[in-house]
Amino acid sequence: MASHFLDKIFENNKNWIEDKLSLQPNYFNDLGKGQKPEFLYIGCSDSRVTAEELMGLNPGEVFVHRNIANMVINIDLNTMSVVEYAVEHLKVNHLVVCGHYACGGVMAAMQSADLGILNPWLRCIRDVYRLHKDELNDIENEEKKYARLVELNVQEQCVNLIKTAVVQKAYRQRELTVHGWVFDVHSGKLIDLKIDFEGILKEIMEIYHLD
C-alpha cells in the first residue's frame, strides 16, 4: 500500500511537469532564475492548510515557514533565521502570520496531558491564554473559546515579529508591514484580523525599541 502511494506521488509529479510545460514552455527555466517574493508567510504545519494554494499564488511569490501552531518564538533559530533571510535578503514587504480554526496545536496546549518534547513549545500558547484569560474565560462555548484563542495567538505572534530588530529596521527603511490572518478550514475563507501594526509598534517601542 505504501509503495503504491509513493509511486502515485512520482506519477503525479510527472503529470504536473507536463501540465506546466504545456501551458508555459519556459516555466522551469524561469523558476530557476531566482525568487523575489513579496510575502513571508508563517503558518501552521497542519496538513490541511497549504500556503500558496489558499492564497492563489504561484511558486516564487511567497516565502513560507511552517511550524506547529504558527509560532514566532525569539529563541527558535529556525524561525528567526527565516525572518532574517526573508526581510534582510529577499526584501519582502509583507510578513503574514496565519493561524487556522480547529488548530490541533492550540487545542493540545490547553490540555493538562504530558506531551513530552511538545511541552515547552505549547507552553508559549498557554502564555497567550494567560495574557488574555479574562476575555477567554468569559466565553462559555468551548469551540468559540478555542477559535478566539487561535485569533489571539496569531495576534501575539505578530507582536513577537514586531519586537525583532530586523522588522523594526525594515519598517523604518521601507515601511514593511505585519499582518495577522486566520484560515477557516470549515469554509475555506481567509480572514484578515486587521492587526494594528503601527499601533502595536508604537505601544511596545518604549521597551522593545531596537536601533
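In which loop is the place of G56?

**Figure 1. The loop that holds G56.** This close-up comes from a predicted model, as do the views that follow. G56 lies in the loop between α3 (51-55) and β2 (62-67). Its relative accessible area is 60%, so G56 is exposed. A distance of 17 Å separates the C-alpha atoms of G56 and G99, two residues that stand 43 apart along the chain.

**Figure 2. Strand β4 and its two partners.** Strand β4 spans residues 177-183 and is mostly covered, with six of its seven residues buried. Strand β3 (residues 94-100) runs parallel to β4, and seven bridges join the two. Within this pairing, V96 stands opposite H179 of β4. Strand β5 (residues 190-192) pairs with β4 in the antiparallel sense, over three bridges. There, F183 has L190 in β5 as its bridge partner. The hairpin of β4 and β5 has six residues between the strands, and in this hairpin G188 takes a positive phi near 85°.

**Figure 3. The largest pocket.** Rolling a probe the size of a water molecule over the atoms shows where empty space is left. The largest pocket has a volume of about 560 Å³. Its lining is made of 21 residues, and those nearest the centre of the pocket are V72, I73, N74, C124 and N160. Two or more residues of this lining come from each of the elements α6 (118-131) and α8 (142-162). Helix α6 provides the largest share, seven residues. By class, the lining of the largest pocket comprises twelve nonpolar, four polar and five charged residues.

**Figure 4. The second largest pocket.** This pocket holds about 170 Å³ of space. Among the residues that line the second largest pocket are Y101, A102, C103, M107 and H186. Also in the lining are N141, E143, K144, Y146, A147 and V150. Which helix gives the largest share of the lining of the second largest pocket? That helix is α8, with five residues. The lining of the second largest pocket divides into seven nonpolar, two polar and two charged residues.

Figure 5. Side chains of opposite charge can pair when their charged atoms come close. The structure holds seven salt bridges, and one of them joins the side chains of D127 and R130, at 3.7 Å from N to O. Because D127 and R130 are three residues apart in helix α6, about one helical turn separates them. D127 has a relative accessible area of 31% and is therefore partly exposed.

Figure 6. The side chains of E142 and K145 meet in a salt bridge of 3.7 Å, N to O. Both residues belong to helix α8, where E142 and K145 are three residues apart, about one turn of the helix. Are the residues E142 and K145 buried or partly exposed? E142 is partly exposed, because its relative accessible area is 43%. K145 has 15% relative accessibility and so counts as buried. A salt bridge also links the side chains of R148 and E151, at 2.9 Å from N to O. R148 and E151 likewise lie in helix α8, three residues apart, about one turn of the helix. With 25% relative accessibility, R148 counts as partly exposed, whereas E151, at 17%, counts as buried. R148 and E151 are linked with E135 in a network of salt bridges.

Terms used: Residues are numbered from 1 along each chain as its sequence is written. This is a predicted model: local features need pLDDT of at least 70, side-chain atom pairs count only at pLDDT 80 or more; totals for chains, interfaces and linings use all residues. Side-chain values use heavy atoms; hydrogens and water are left out. Buried means under 20% relative accessible area, exposed over 50%, partly exposed in between (1.4 Å probe, protein chains only). Helices (H or I, at least four residues) and strands (E, at least two) are DSSP runs, numbered from the N terminus. Two strands pair if DSSP finds at least two bridges between them. On a 1 Å grid over the protein atoms alone, a cavity is a set of points where a 1.4 Å probe fits but cannot get out, and a pocket is an open set with protein on both sides within 12 Å along at least five of seven lines; lining residues have an atom within 4 Å of a point. Grid points are joined across faces, edges and corners, and a volume is the space filled by probe spheres set on the points. Ala, Val, Leu, Ile, Met, Phe, Trp, Tyr, Cys and Pro count as nonpolar, Asp, Glu, Lys and Arg as charged, and the others, Gly among them, as polar. A salt bridge is a side-chain nitrogen of Lys or Arg within 4 Å of a carboxyl oxygen of Asp or Glu.
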